[in-house]
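Below, several labels used for this protein are set against the definitions that lie behind them.

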Amino acid sequence: QTVPHRLAQFGQNCLAIEDSDDLSMAEASLEALVDWLSEINLDITLKDVGINDEKFEVMADDILRNNTEDGTFANIVPLDKKSLIKIFQMCLKPNLA
């Protein structure tokens, strides 16, 4: 619940997003942020900066090697290598859904 609330606050305070609940505001905030980044021609996906799925294994290994003791990345939710690679795959596309 913390992440949608924080994204909703960001959208409200920085992007003038208003909606009925935190989840809707968070989603609208992310969409508005991606639209703005596109407008200013800033790279928003891994593909935009020349990273493809061939690099995901090494990227995940680097994260786990440098940030963990037990093979998971300590985040709000612990992430293992498989989870990190799934996130990287999602970052190849600008679609937030």
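This is a predicted model: local features need pLDDT of at least 70, side-chain atom pairs count only at pLDDT 80 or more; totals for chains, interfaces and linings use all residues.

Q: Why is Asp 61 called partly exposed?
A: Its relative accessibility is 32%, and partly exposed is the class between buried (under 20% relative accessible area) and exposed (over 50%), with a 1.4 Å probe and protein chains only, so Asp 61 counts as partly exposed. Residues are numbered from 1 along each chain as its sequence is written, and side-chain values use heavy atoms, with hydrogens and water left out.

Q: What makes the contact of Lys 81 and Asp 61 a salt bridge?
A: The N to O distance is 3.0 Å, and a salt bridge requires a side-chain nitrogen of Lys or Arg within 4 Å of a carboxyl oxygen of Asp or Glu, so the pair qualifies. Lys 81 lies in helix H4 and Asp 61 in helix H3, 20 residues apart.

Q: How do you know that Glu 57 and Lys 81 also form a salt bridge?
A: Their side chains meet at 2.7 Å, N to O, which is within the 4 Å of the definition.

Q: Why is Arg 65 called exposed, and Asp 62 partly exposed?
A: Arg 65 has 56% relative accessibility and therefore counts as exposed, whereas Asp 62, at 29%, counts as partly exposed.

Notes
Helices (H or I, at least four residues) and strands (E, at least two) are DSSP runs, numbered from the N terminus.
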